[in-house]
Amino acid sequence: RAVAAANEYKDDLEVASANEALVKKHLESFRLNRLGIKMDLANRWDEAAVFFRAAMEASPSDAPKAAGNLGTVIYKNATHSSSDWDEAEPLYEKGKQLLERALRQLPDSPALMKSYREVKHFQTQVKAWRAGADLRALSIPKEDLLQVAVNGAVVCTWSGGGSKFSEMALNLLDSIRRHAPVWEQAFVVMSLDKETEAFFRERGVKTWLHETADIYMTRWRLLAGLLLAGLDALLVDTDVVFLGDPFLHFHRDADFEVMTDHLFPARDLWEKIWRDEEHVNTGFIFARSTKTAVELVESFISTHHSPWDSNTSLGGLRGSFDLFDQRIFARFVRRIDPGAR
């Protein structure tokens, strides 16, 4: 009986020791994972990756969560620390694989699914950016647009992604009918997918199809296409509304006019206390079909055809990746116009 009790005690001790070891591994993995998250929040993704890899090794049972975090920081690093899409693309693929591995064991994790969708989105974008690398102007239905133009000008927007943004474009059209009806016939929409094209055609809105996943330079390539077709263009975002006829305020004494977010532009324009993207608002552009305007738009597209060519560094990040074309255009104007103080 004493021997049996001793053996039972020995077994219990071994189980306790094993459990203690597992708890230590779990706590160490938890500690390393938290350190990795801290580095991630500080945009120090290389260091975060080291901690997440160590967390995976420390406790295999916690590896899925750490693997998901590792995949996330790898794709963030690919985006903001790479020099171009050639460098970023294999890192996106590595990040996607790690996230897929984590999702197989944690399929209900909203954070992992969010990161997985984001990295797949960037992969799709890279393909689109590559495909459009040499594209300087979009093809447009020139003859159709010339027929609806008013005094050689069109009011143009673009839309895609379903009814949400398409409804916004209809709201824009309704505001034109109410407050600038002469421009209703000149209102045209470039649809980015077949669903959106069908939506507008069913409602009698003049539209044409240009399918692309690349919205980074779409505004500028569309504008270039309109100008090269001999059309003056008021190019606006779908969330704009007309409260009057803006053409009454265009004296055609400039080749290119763009809205500003400043209430007092005479005082605030180009002052350094404001963010670059507040000086110009590219959601409302009027450009005339002149050699100067075409050269300006084509030069901007050529200089910034890739988001890694943004010539900006955000929040201390090492790379120059930036998708906000409004901010990039403001900085572009600063460089080419000595008067932009």
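Which residue in β2 is the bridge partner of Thr157? I looked it up, and Val189 is the partner.

**Ground rules**

I am reading a predicted model, where local features need pLDDT of at least 70, side-chain atom pairs count only at pLDDT 80 or more, and totals for chains, interfaces and linings use all residues. Residues are numbered from 1 along each chain as its sequence is written, and side-chain values use heavy atoms, with hydrogens and water left out.

**Overview**

I looked up the secondary structure of the protein chain and found 13 helices and six strands. Helices (H or I, at least four residues) and strands (E, at least two) are DSSP runs, numbered from the N terminus. Of the 341 residues in the protein chain, 48% are buried. Buried means under 20% relative accessible area, exposed means over 50%, and partly exposed lies in between (1.4 Å probe, protein chains only). I also checked contacts, meaning heavy atoms within 4.5 Å. Among those between residues at least 6 apart in sequence, 69% join residues at least 24 apart.

**The sheet**

I traced the open sheet of six strands, and the order is β3-β2-β1-β4-β6-β5 with mixed pairing. Strands pair if DSSP finds at least two bridges between them. β3 (207-209) and β5 (256-259) are at the edges; each has a single partner strand, so one side of each has no neighbour in the sheet. Neighbouring strands are turned by 25° against each other on average, direction ignored.

Next I returned to the pair that holds Thr157 and Val189. Strand β1 (residues 153-159) runs parallel to strand β2 (residues 187-191), with five bridges between them. Helix α8 (residues 194-202) packs on the sheet and touches β1, β2 and β3. The direction of α8 makes about 160° with that of β3. For such values, axes are lines fitted to C-alpha atoms, for helices over the stretch in contact, and angles run from 0 to 180 degrees between N-to-C directions.

**Helix α3 and its partners**

How far apart are the axes of α3 and α4? I read 8 Å, with helix α4 (residues 85-105) packing on α3 at an angle of about 160°. That makes the two helices roughly antiparallel (over 145 degrees). Their crossing is left-handed, which means that the near helix is turned anticlockwise from the far one by less than a right angle. The contact includes Ala67, Leu70 and Ile74 of α3, and Leu91, Leu98 and Arg101 of α4. I noted 13 nonpolar, seven polar and three charged residues in the contact of α3 with α4. Ala, Val, Leu, Ile, Met, Phe, Trp, Tyr, Cys and Pro count as nonpolar, Asp, Glu, Lys and Arg as charged, and the others, Gly among them, as polar.

I then turned to helix α5 (residues 110-131), which packs with helix α3 (residues 63-81) at about 30°, the axes being 10 Å apart. These two are therefore roughly parallel (under 35 degrees). α3 passes α5 in a left-handed crossing. Gly68, Thr72, Tyr75 and Thr79 of α3 meet Leu112, Ser115, Glu118, Val119 and Phe122 of α5. By class, that contact has four nonpolar, four polar and one charged residues.

**Two loop residues**

I checked Asn151, in the loop between α6 (142-148) and β1. Its phi is near 55°, positive in a residue other than glycine. Asn151 is exposed, at a relative accessible area of 67%.

Arg252 is in the loop between β4 (232-236) and β5. Phi of Arg252 is also positive, near 55°. Is Arg252 buried or partly exposed? I found it partly exposed, at 31%.

Terms used
Angles under 35 degrees count as roughly parallel, over 145 as roughly antiparallel, 65 to 115 as roughly perpendicular and the rest as oblique.
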